[in-house]
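Hi,

Here is the model I promised to pass on. Could you have a look at it when you get a moment?

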Amino acid sequence: MTSPVRFNDHYRKADRIMLGLLWLTFAYSLCLAFLHSTFSQALLVGATTCLLTTVLYRGLAGTRAMRCVIAVALMVMAALHINQTRGVIEFHFGIFVLLAVLTFYRDWLPIVVAAATIAIHHVSFHWLQHQGYPVFVMASHGGWSMIFLHAFYVVVESLILIYLANQTLADATDNQEVLDKVLAAATQLSSGADTHRVQGAKISSGERFDHFLQQVTNLVDGVVRDTRNLSDLGRDLSQVGQTLEDGARHQLDEVAQMSGAIGHLVQAMDNIAGHVDQTLQRSGQASEQVNRGRSTVDQTREEIVELAGRLNLTNETVQGLAEQAQQIGQVLDVINSIAEQTNLLALNAAIEAARGRRTGARVCGGGGRSTNAVAKDLGIDHRNPTNHRQAATGQPPGRHCHARQPRRGGTLRIRQPTRLATATCGGGGHRGDQPLQRPDCQHHPGTVRGLDGHQ
């Protein structure tokens, strides 16, 4: 774990403390020199170590290298004290004390360097002591087992101190971050003059924090004043909020009504859609029916046109038949006239035949009948000549022969008068198929001779 740059001031302060402690150990070595007259060792080793460390502090203050130099210097002074007391075991406690002091750096590397330094001292000086050199590690000349036991405790303590140093560094880092934020806030809250004063002079963290607290106090006072104003504003906002709440409830009611209306509208739209579908279906059916009706109308129109042509032809035919009927009527008029004359002739012949029969009866001595009796036998009223024609033509009274009434074959056959004439003439001894020979049976057209001899 590297040391943050923000702890440079702390490291410089720790270097100064460690440097003072180093010179204190030098003074202590001078005191120990009176035990065995080791002033030369105290001056040569102790003074040289302290002077060299002080010189290096001028250029390496606050750096990690300086911390390692101080760790080595402290272990050299602890070895000097052990050697001055000729290996008294109690003076080995100074090693553990100085290792614990190094944790103030919040750095694990100086502890490791110090432990390695004292381990090298113990191994090398123990070997030199057993070789007969005037150096001392242990007064009783203990073996290597005692050296390794001391090394074990040094290692254990070093591990514990390394852990504590790392934890201390982590806590210091967190605290420093909080302090930096507080100082940054204080810098922002401070005025321009205070800012220039802080930047221009070295101010401790306590002073900065006091300044920050002053700024926070001012800020709290301002917040309290603003809170009073906000309280009044809050009451106004409460009233506005109540009004808005009432309006919102009214809006919710209207929205609910609109929602219901929209629901009904949706249902109506669905119904309309259904009706539109039905209308489309019926429109399709109506379109089909219109198409069929159109085709039927077209066919009917063609048939009407054809019927009109046929009617035109029928009209022409009827007109032709009317002309032919008129011509036939004219012919029938002529035939009627001829038939009437023929009937009159037949009637005259019958009358003459009756008269001849009467004359013959008189000749034969038979009683004769009068003219009225003869006419009665024939069914003729001699006082109404029209009845003569009706009886002769076989038509009932009051109905004249229609000249325009068509007859089969276009001719008129008169049978009844012929039978009448035959029956009348037959009574006098003649046959009906023989013509009359008497001169008085002849007549002129248009004249009827009466039974009594009058025209």
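Below is what turned up, starting with confidence and then going through helices, salt bridges and a surface patch.

First, the ground rules: this is a predicted model, so local features need pLDDT of at least 70 and side-chain atom pairs count only at pLDDT 80 or more, while totals for chains, interfaces and linings use all residues. Residues are numbered from 1 along each chain as its sequence is written, and side-chain values use heavy atoms, with hydrogens and water left out.

On confidence: pLDDT (the predictor's confidence in each residue, from 0 to 100) has a mean of 76 over the protein, with 71% of residues reaching 70 or more. Helix 3 (residues 64-84) has the highest confidence, at 93, and helix 11 (residues 416-426) the lowest, at a mean of 42. Residues 388-455 have pLDDT below 50, though the stretch makes 92 contacts in the model beyond near neighbours in sequence (contact: heavy atoms within 4.5 Å). Where pLDDT is low, the predicted coordinates should not be read in detail.

Helices here are DSSP runs (H or I, at least four residues), numbered from the N terminus. In helix 4 (residues 93-101), I95, L98 and L99 are buried (under 20% relative accessible area; exposed is over 50%, partly exposed in between, 1.4 Å probe, protein chains only). They fall within an arc of 105 degrees seen down the helix axis, so they line one face of helix 4 (the arc is that of the directions from the axis to the C-beta atoms). F93 and V97, on the other side of helix 4, are exposed.

Now the salt bridges (a side-chain nitrogen of Lys or Arg within 4 Å of a carboxyl oxygen of Asp or Glu): the count is seven. One of them joins D107 and R67 at 3.2 Å, N to O. Because D107 sits in the loop between helix 4 and helix 5 (108-130) and R67 in helix 3, the pair ties together parts 40 residues apart in sequence. In helix 8 (residues 205-364), E245 and R249 are four residues apart, about one helical turn, and their side chains meet at 2.7 Å, N to O, in a salt bridge.

Lastly, M146, L149, F152, Y153, V156, I160, Y163 and L164 make a nonpolar surface patch of about 770 Å² (residues with over 30% relative accessible area and no salt bridge, nonpolar side chains joined within 5 Å; areas by Shrake-Rupley with a 1.4 Å probe). F152 belongs to helix 6 (residues 144-189) and counts as exposed, at 51% relative accessibility.

Cheers

How values were computed: Patch = residues over 30% accessible without salt bridge, like charges linked within 9 Å, V, L, I, M, F, W, Y side chains within 5 Å. Helix = DSSP H or I, 4+ residues; strand = E, 2+ residues; numbered from the N terminus.
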